[in-house]
Amino acid sequence: MTKVDIAVIGLGVYGSASAHALAATGRTILGIERAGEHELPGASAGPLRMVRGLPADALEQWHTLAPAAFRALPAVDGSGASSHDGGLLDAPAAVRALRARAVERGARLMFGETAQVTPGGRVLVGDHTVDAGQVLFCTGAWTATLPGWARIPGLRTERAVMQVASFPAFPSHAFHLFGSDDERFCALPVDDHGTVQFGHWSTPAGLDDAAIARRDLAALRRHFPALGAMRRHTSVRGAYTLPPGDRFVLRRSTAHTAALVACSGVGFKFAPQVAARVAAAYDGNPSDDQLFLEGWL
Ligand SMILES: Cc1cc2nc3c(=O)[nH]c(=O)nc-3n(C[C@H](O)[C@H](O)[C@H](O)COP(=O)(O)OP(=O)(O)OC[C@H]3O[C@@H](n4cnc5c(N)ncnc54)[C@H](O)[C@@H]3O)c2cc1C
């Protein structure tokens, strides 16, 4: 049986950022992700994440942790956002950078392994058992499917689908947000060759992926009538995680386990900051009460 101080279950952006932050406390960290190393099946999927409206130090943290994943916002858009208050993060590259930095700090990461956890902190991975002093679930939308003792009460999850397509004439110099509050639509240029990531803010229940793609494409064409023929198209599936109060929540479940989730839509940009607070909570040798954190940064 392997012994570790903290096992982190799920290595999306939160598990990867937490493994990195927790490794700095000098504890032995094991991260376990059920997907392969080059897949991101959850909320951290898809090419780009907007990270804007951040405090300067939070932005600086992302710049330091994942410089190659960061891009300045291309231009001023219709919503009044400017390239000075944030940027775009290549999501897979940002997660890769966090994982690499966690490993540099001594964390051990396993991929392609589904973890099952007992309330006492025993982690079963295939036929291997890990005895963990603490287990931190960073399982995103799957937190809602954990056994009752490990769940976050009031956590809601929704299916998310976003579109990525190429057009000869998509303007690559600006990102765009438009629509009413209920029908917000976003289009982000992915490269200089007319590839765009686009979609509505939330995925309506009852529509299949093809119907969602048609709706989003129609919205894109309404705003950019001269796009021309679509060259390539993929729908990227993900999941929205909506904790109570639309905040981030770190909640102790048992003396040996806790779960961390953040609000989708804005969760990516706060991940390094939240992870630093999580590490500080563990570093203080926390009692049950102290490990419960809930907030909005
Ligand atoms: C369409 C969309 C657009 C978004 N846009 C933005 C944006 O522009 N800006 C922003 O800041 N945020 C945005 N967000 C929110 C942000 O992406 C999420 O808050 C963030 O990715 C959540 O990451 P996570 O690590 O909590 O979850 P996930 O990325 O879902 O990671 C959970 C991981 O746990 C693994 N797992 C689950 N169960 C097990 C198990 N038993 N054993 C091992 N592994 C397990 C899963 O395989 C998965 O990889 C968006 C989200 C979506 C869906």
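Which residues does the domain assignment of the chain give to domain 1, and which to domain 2? In this predicted model, domain 1 is made up of residues 2-72, 90-155 and 243-295, while domain 2 covers residues 156-242. The C-alpha centres of domain 1 and domain 2 are 28 Å apart, and the contact between them draws on 24 residues from domain 1 and 19 residues from domain 2.

**Interface between the domains**

- About 1500 Å² is buried between domain 1 and domain 2, and carbon and sulfur atoms account for 65% of that area.
- On the side of domain 1, Pro 47, Leu 48 and Met 50 contribute 31% of the area buried against domain 2, which is more than any other three residues supply.
- Strand E3 (residues 48-52) provides four residues, the largest share of the side of domain 1 that touches domain 2.
- By residue class, that side of domain 1 comprises 14 nonpolar, six polar and four charged residues.

**Surroundings of the ligand**

- There are 32 residues around the ligand, and among them Glu 33, Ala 43, Ser 44, Arg 49 and Met 50 come nearest.
- Met 50, one of the three residues named above for buried area, also places a polar backbone atom 2.8 Å from a nitrogen atom of the ligand.
- A nitrogen atom of the ligand lies 3.0 Å from a backbone N or O atom of Ala 115, and an oxygen atom of the ligand is 2.9 Å from a polar backbone atom of Lys 269.

Technical notes:
Residues numbered from 1 in each chain as written. Predicted model: local features only at pLDDT ≥ 70, side-chain atom pairs only at ≥ 80, totals over all residues. Heavy atoms only, no water. Domains from an automatic or database assignment. Contact = heavy atoms within 4.5 Å. Buried area = accessible area lost by both parts, 1.4 Å probe. Helix = DSSP H or I, 4+ residues; strand = E, 2+ residues; numbered from the N terminus. Nonpolar A, V, L, I, M, F, W, Y, C, P; charged D, E, K, R; others polar. Near = heavy atom within 4 Å. Polar contact = N/O pair within 3.5 Å; in protein donor to acceptor, adjacent residues only side chain to side chain.
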